[in-house]
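Please look over the model shown below together with its sequence.

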Amino acid sequence: MHELAITEGVVQAVTERLPGTPIACVHLEIGVMSGVVADSVRFCFDLVTEGTTLEGARLDIIQPAARCRCRDCGAEFEPDGMIALCDCGSADVAVLAGQELRIRSVEVV
Amino acid sequence: MCATCGCGVAGVRVFGPGQLGPAGHDHGTDHSHDHEHAHGPGQADRGQPPSHEHGLDGRTVQIQQNILAKNDRLAEDNRAWLTARGILAVNLMSSPGAGKTTLLERTAREAGAGLGLTVIEGDQETTLDASRIEAAGCAVAQINTGAGCHLDASMVARGLSALNPSPGSVLVIENVGNLVCPALFDLGEAARVVLSSVTEGADKPIKYPQMFRGADLVLLTKVDLLPYVDFDTGRHARDLKLISPGAQIMPVSATTGEGLPAWYAWLSERTR
């Protein structure tokens, strides 16, 4: 359940950046290959924001799809799940997208 | 959670060498903030604009910050501290019971003096593992994460303060036994070593790809038990190649000593 620590990291970053400012909405980007489960972050969010300037804020999460490039044949492809395997059989791939773990923006009250 | 900053470190306890005492009898007194764990507006956000922004009512404020940015900064501080002293730090990870502590006990006895080995132990509770490592003749600090399922860079910074490893030595950080959560958290290590034991089954690399993708070395442990378990080493190696084409596999047994000279040499080569 590292999503608890991840969600605490979000609250900490926002409260450090905007101390004392009530927050209405937080926009996150959690890629499908990031290793973080968006639903678990949603589950933790209300718990972790209690008593902070983010209490009651809406949580908006976009989940960028995964995109890889094969280092052997150069093909770009969308992997099926967490195992990035090119059609040519190579597993030597660069992940171009899908590992995002970012706070995009917040809306203040 | 820490009432000062909401950092979630409450419940984390660090025991330095000589403080191992009876398990579970030292509660929450050492959240000391004597390291890079900065408080106050903007302090931790090096290079960020001043954090006191005015006239924001009803507006969107761009943050565009990696959620793990703070841990990553602290990990870089750890890495700089370790590198400046020529200390090789290894992040040792596996599921619970794969044999991390047993491997380190034997490593401490057989190669500890030559490597200048010290250990940071991570567990949810108890100082049992640290006591085993200490009995093997090795300086050790124990971190109890409380509710936490992984070590993070700020915990390791506190462990480093307690342990103070010597220049040119090898530091092994035994992470909390867990094949999921520790994968995401950089501690400032130079290398990641993942244990996969023959009693767990050969399918672990493809079932836990995030963990094995980041491995520099995979130690296949308990190989003395191969005659008694249904473990396909060929399948394990093939699956690992799908996840991490560059990872090296080293078969070892901390019971018989098989393969351990190669492990000691692997550590030794990286300290030069």
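How many of the 7 residues of strand β7 (residues 191-197) of chain B are buried? In this predicted model, 6 of the 7 residues of β7(B) are buried, so the strand is largely enclosed by the rest of the structure. Here a residue is buried if 20 or more other C-beta atoms lie within 10 Å of its own, exposed if 12 or fewer, and partly exposed in between, with C-beta atoms placed from the backbone.

Because the model is predicted, local features need pLDDT of at least 70 and side-chain atom pairs count only at pLDDT 80 or more, whereas totals for chains, interfaces and linings use all residues. Residues are numbered from 1 along each chain as its sequence is written, and chains are lettered from A and ligands numbered from 1 in the order in which they are written.

**The sheet of chain B**

Chain B has 8 helices and 9 strands, where helices (H or I, at least four residues) and strands (E, at least two) are DSSP runs numbered from the N terminus. Of the 272 residues of chain B, 46% count as buried. An open sheet of mixed pairing is formed by 8 strands of chain B, in the order β1-β5-β4-β6-β3-β7-β8-β9; two strands pair if DSSP finds at least two bridges between them. At the edges stand β1 (13-15) and β9 (248-251) of chain B, each with a single partner strand, so one side of each is left without a neighbour in the sheet. On average, and with direction ignored, neighbouring strands of this sheet are turned by 20° against each other.

| Strand pair | Sense | Bridges | Residues standing opposite |
|---|---|---|---|
| β3 (88-93) and β7 of chain B | parallel | 4 bridges | Met93(B) and Val194(B) |
| β7 and β8 (217-221) of chain B | parallel | 5 bridges | Val194(B) and Val218(B) |
| β4 (118-123) and β6 (170-174) of chain B | parallel | 4 bridges | Glu121(B) and Glu174(B) |

Within strand β5 (residues 139-144) of chain B lies Ala141(B), which counts as buried because it has 29 C-beta neighbours inside 10 Å. Leaving aside its neighbours within four places in sequence, Ala141(B) is in contact with Val14(B), Phe15(B), Gly16(B), Pro17(B), Ile120(B), Gly159(B), Ala162(B) and Leu163(B), a contact being two residues whose C-beta atoms, placed from the backbone, lie within 7 Å. Among contacts in chain B between residues at least 6 apart in sequence, 75% join residues at least 24 apart.

**Helix packing**

In chain B, the axes of helix α2 (residues 100-115) and helix α8 (residues 260-271) come within 11 Å and cross at roughly 35°; axes are lines fitted to C-alpha atoms, for helices over the stretch in contact, and angles run from 0 to 180 degrees between N-to-C directions. On the α2(B) side, Arg106(B), Thr107(B), Glu110(B), Ala111(B) and Leu115(B) meet Leu260(B), Tyr264(B), Leu267(B) and Ser268(B) of α8(B). This contact has 5 nonpolar, 2 polar and 2 charged residues, where Ala, Val, Leu, Ile, Met, Phe, Trp, Tyr, Cys and Pro count as nonpolar, Asp, Glu, Lys and Arg as charged, and the others, Gly among them, as polar.

In chain A, the axes of helix α1 (residues 3-17) and helix α2 (residues 38-49) come within 9 Å and cross at roughly 55°. That angle makes α1(A) oblique to α2(A), since angles under 35 degrees count as roughly parallel, over 145 as roughly antiparallel, 65 to 115 as roughly perpendicular and the rest as oblique. Among the residues that make the contact are Leu4(A), Ile6(A) and Val11(A) of α1(A) and Val41(A), Phe45(A) and Val48(A) of α2(A). The contact of α1(A) with α2(A) divides into 7 nonpolar, 3 polar and 2 charged residues.

**Where the chains meet**

The contact between the chains takes 41 residues from chain B and 32 residues from chain A. On the side of chain B that touches chain A, two or more residues each come from β2 (60-66), α1 (69-84), α6 (209-213) and α7 (233-243) of chain B, and β2(B) gives the most, with 7 residues. By class, this side of chain B has 20 nonpolar, 14 polar and 7 charged residues.
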